[in-house]
Amino acid sequence: MVKIHYDATTGMVLGNYPNPEEYKTIPQPWIEVTNEEYQEGRCKTMQVINGKYQEYIVPQDEALAYA
C-alpha cells in the first residue's frame with residue numbers, strides 16, 4: 001500500500017509515501033492506494049475526489065484560457 005497526502009480543498013496530490021517507515025510523518029488528509037494504482041498514476045497529475053484517487057482533468061474553462 002501507498003499513502004497519498006492531498007489538499008482537502010482542491011483534491012490535488014501533495015505527496016506520495018510508498019515507504020511504511022514514513023507513515024508516521026504523513027500530515028492529514030491522506031488515503032491508501034494499491035501499489036498498482038500508485039504506479040499507474042506516477043506520470044500523471046492526480047487528485048483525490050470523494051476519497052477516490054484519479055487523474056486530474058483540466059476544466060474546460062481553464063483549458064480554453066491556455067489555448
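The model is predicted. The chain has two helices and five strands. Along the sequence, these elements follow the pattern β-β-β-α-β-β-α.

**Overall dimensions and surface**

- The C-alpha trace spans about 45 × 25 × 20 Å along its principal axes.
- The chain has 67 residues, and 25% of them count as buried.
- The chain exposes about 4,900 Å². Carbon and sulfur atoms supply 49% of that area.
- Residues 24 or more positions apart account for 41% of them.

**The three-stranded sheet**

- Three strands form an open sheet in the order β2-β1-β3, and the pairing is antiparallel.
- The edge strands are β2 (13-17) and β3, and each pairs on one side only.
- On average, neighbouring strands of this sheet are turned by 25° against each other, with direction ignored.
- Strands β1 and β2 share four bridges, and they pair in the antiparallel sense.
- Within this pairing, H5 has G15 in β2 as its bridge partner.

**The salt bridge**

- How many salt bridges does a search of the whole structure find? The search finds one.
- It joins the side chains of E32 and K3, at 3.8 Å from N to O.
- The pair links distant parts of the chain: E32 lies in strand β3 (residues 30-33), and K3 lies in strand β1 (residues 2-6). The two residues are 29 residues apart.
- Is K3 buried or exposed? K3 has a relative accessible area of 10%, so it is buried, because buried means under 20%.
- E32 has a relative accessible area of 41%, so it is partly exposed.

- Strand β4 (residues 46-49) pairs with strand β5 (residues 52-55) in the antiparallel sense. This pairing runs over four bridges.
- In β5, K52 stands opposite I49.
- The hairpin has two residues between the strands. There, N50 takes a positive phi near 50°.

**Two residues of β4: Q47 and I49**

- Q47 is found in strand β4. Its relative accessibility is 10%, so Q47 counts as buried.
- Which residues does Q47 touch, not counting those up to four places away in sequence? They are G11, M12, V13, K52, Y53, Q54, E55 and Y56.
- I49 is also found in strand β4. Its relative accessible area is 31%, so I49 is partly exposed.
- Leaving aside neighbours within four places in sequence, I49 is in contact with T10 and Q54.
- I49 and M12 are 37 residues apart in sequence. In space they are 8.7 Å apart, C-alpha to C-alpha.

**Points to find in the structure**

- Find E32 and K3, whose side chains meet in the salt bridge.
- Find β1 between β2 and β3 in the strand order.
- Find N50 in the hairpin of β4 and β5.
- Find Q47 in β4, with M12 among the residues it touches.

Notes: Residues are numbered from 1 along each chain as its sequence is written. This is a predicted model: local features need pLDDT of at least 70, side-chain atom pairs count only at pLDDT 80 or more; totals for chains, interfaces and linings use all residues. Side-chain values use heavy atoms; hydrogens and water are left out. Buried means under 20% relative accessible area, exposed over 50%, partly exposed in between (1.4 Å probe, protein chains only). Contact means heavy atoms within 4.5 Å. Two strands pair if DSSP finds at least two bridges between them. A salt bridge is a side-chain nitrogen of Lys or Arg within 4 Å of a carboxyl oxygen of Asp or Glu. Axes are lines fitted to C-alpha atoms, for helices over the stretch in contact, and angles run from 0 to 180 degrees between N-to-C directions. Accessible areas come from the Shrake-Rupley method with a 1.4 Å probe; for residues, only the protein chains shown count as cover.
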